[in-house]
Amino acid sequence: MTENPTGPRHATTPLARAKALPPWSLIAAGALAGGLLGGAYGLLQPPAYTATSYVVAVPNEKSDPTSALGFAQAYGRVATQLAVLGDAQVWAGVPVSTLQENVRTATSPDAPMVAVTATSSRADLAADMANAVARALTRHASDAEQSTHVELQQFARATEPTEPSSASPTVTGLVGASAGGLLGGLMLLVRPRRAADGRGRPAVPGPAPAADVHGQL
């Protein structure tokens with residue numbers, strides 16, 4: 001004789017199984033997924049190389065160092081304008097749009113120097129673009145020297161970088177793992193709490209069946 005169980009059967013759903021996992025599993029899963037995605041991004045993303053060329057503003061006998069410092073600041077802003085990049089594209093061998101997207105300049109408040117930095121997926125092209133923009137900038141400054149009394153001179157040419165400046169797959173993987181672990185921790189904080197009986201059901205008993213009520217009367 002086969003006995004049928006009288007207790008209710010509870011179907012185990014994927015959501016119920018997920019709720020039964022230990023709390024730290026969300027953080028571990030998020031860190032693992034983030035690390036894998038970050039590492040894959042670092043492997044698939046092409047490397048980027050950065051090269052920097054420096055020019056210095058030199059005052060002539062009719063000017064002074066203060067004026068040279070001010071003109072260096074001005075030339076730092078002019079270096080990425082179309083008038084300069086239009087000449088630089090001839091020596092760099094790339095369109096003006098490429099120079100506009102990948103060339104940046106920086107100046108110092110203490111020294112009359114302009115740093116021209118170029119970034120490219122090719123190390124030789126990064127150096128060529130930085131040197132081309134620096135060369136075009138010095139030519140434009142030379143044309144205006146009669147009125148500015150300041151000359152731009154090449155201080156240091158950009159050299160071909162030997163290592164990429166972009167993050168390695170190890171670094172991107174660690175960043176992804178950190179972000180994934182943080183996201184998993186946030187999900188752990190906002191997920192619904194389990195009931196006191198541990199099965200996701202309210203601890204308050206439900207209404208009695210109608211047959212039991214009539215029996216009690």
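Reader: Let us start with Asn60. Which residues does Asn60 touch, leaving aside those up to four places away in sequence?
Author: Asn60 touches Glu145, His149 and Val150. Please bear in mind that this is a predicted model.

Reader: Where is Asn60 found?
Author: Asn60 belongs to the loop between β1 and α3. The C-alpha atom of Asn60 is separated by 9.4 Å from that of Thr148, a residue 88 places away along the chain.

Reader: Thr148, then: buried or exposed?
Author: Thr148 counts as buried, with 11% relative accessibility. Thr148 is part of helix α7. Leaving out residues up to four places away in sequence, Thr148 is in contact with Phe71 and Tyr75.

Reader: And His149? What is its phi?
Author: Phi of His149 is near 60°, which is a positive value in a residue other than glycine. Most residues other than glycine have a negative phi. His149 sits in the loop between α7 and β4, and at 23% relative accessibility it counts as partly exposed.

Reader: You mentioned Tyr75. Which residues of α3 are buried?
Author: Tyr75 is one of them, together with Ala68, Ala72 and Gly76. These residues lie on the same side of α3, because they cover an arc of only 105° around the axis. Thr66 and Arg77, on the other side of α3, are exposed.

Reader: What do the buried residues of α3 pack against?
Author: Their partners are the strands β1 (49-59), β2 (103-107), β3 (113-120) and β4 (150-156), and the helices α6 (123-143) and α7 (145-148).

Reader: How many residues does α3 have, and what span should they give?
Author: Helix α3 covers residues 65-78, which is 14 residues. At 1.5 Å a residue the helix should span 20 Å, and its end C-alpha atoms are 20 Å apart, so the two values agree.

Reader: Which residue caps the N-terminal end of α3?
Author: Asp64 does so, with a side-chain oxygen 3.0 Å from the backbone nitrogen of Thr66.

Reader: On to α4. Which residues are buried there?
Author: Helix α4 comprises residues 82-92, and its buried residues are Val84, Leu85, Ala88 and Ala92. They cover an arc of only 85° around the axis, and therefore lie on the same side of α4. Leu82, Ala83 and Val90 are exposed, on the face of α4 turned away from that buried side.

Reader: What follows α4?
Author: Gly93 follows α4, with a positive phi near 75°.

Reader: Changing topic: how many salt bridges are there?
Author: The count comes to one salt bridge. Arg122 and Asp124 form it through their side chains, at 3.0 Å from N to O. In general, side chains of opposite charge can pair when their charged atoms come close.

Reader: What lies 3.2 Å from the backbone nitrogen of Arg122?
Author: A polar atom of the side chain of Ser120 lies at that 3.2 Å distance. Ser120 is in strand β3. Its relative accessible area is 12%, and because buried means under 20%, Ser120 is buried.

Reader: Which residues does Ser120 touch, with the sequence neighbours left out?
Author: Beyond the residues up to four places away in sequence, Ser120 touches Pro47, Ala48, Tyr49, Leu125, Ala126 and Met129.

Reader: Finally, the whole chain. How many helices and strands does it have?
Author: The chain has nine helices and four strands. Along the sequence they run α-α-β-α-α-α-β-β-α-α-β-α-α.

Reader: What share of the residues is buried?
Author: Of the 217 residues in the chain, 27% are buried. The chain exposes about 14300 Å², and carbon and sulfur atoms supply 60% of that area.

Reader: And what share of the contacts joins residues at least 24 apart?
Author: That share is 78%, taken among contacts between residues at least 6 apart in sequence.

Methods
Residues numbered from 1 in each chain as written. Predicted model: local features only at pLDDT ≥ 70, side-chain atom pairs only at ≥ 80, totals over all residues. Heavy atoms only, no water. Helix = DSSP H or I, 4+ residues; strand = E, 2+ residues; numbered from the N terminus. Buried < 20%, exposed > 50% of the residue type's maximum accessible area, 1.4 Å probe, protein only. Contact = heavy atoms within 4.5 Å. Areas by Shrake-Rupley, 256 points an atom, 1.4 Å probe, with all protein chains shown as cover. Expected span 1.5 Å × (residues − 1). Arc of directions from axis to C-beta. Polar contact = N/O pair within 3.5 Å; in protein donor to acceptor, adjacent residues only side chain to side chain. Salt bridge = Lys/Arg side-chain N within 4 Å of Asp/Glu carboxyl O.
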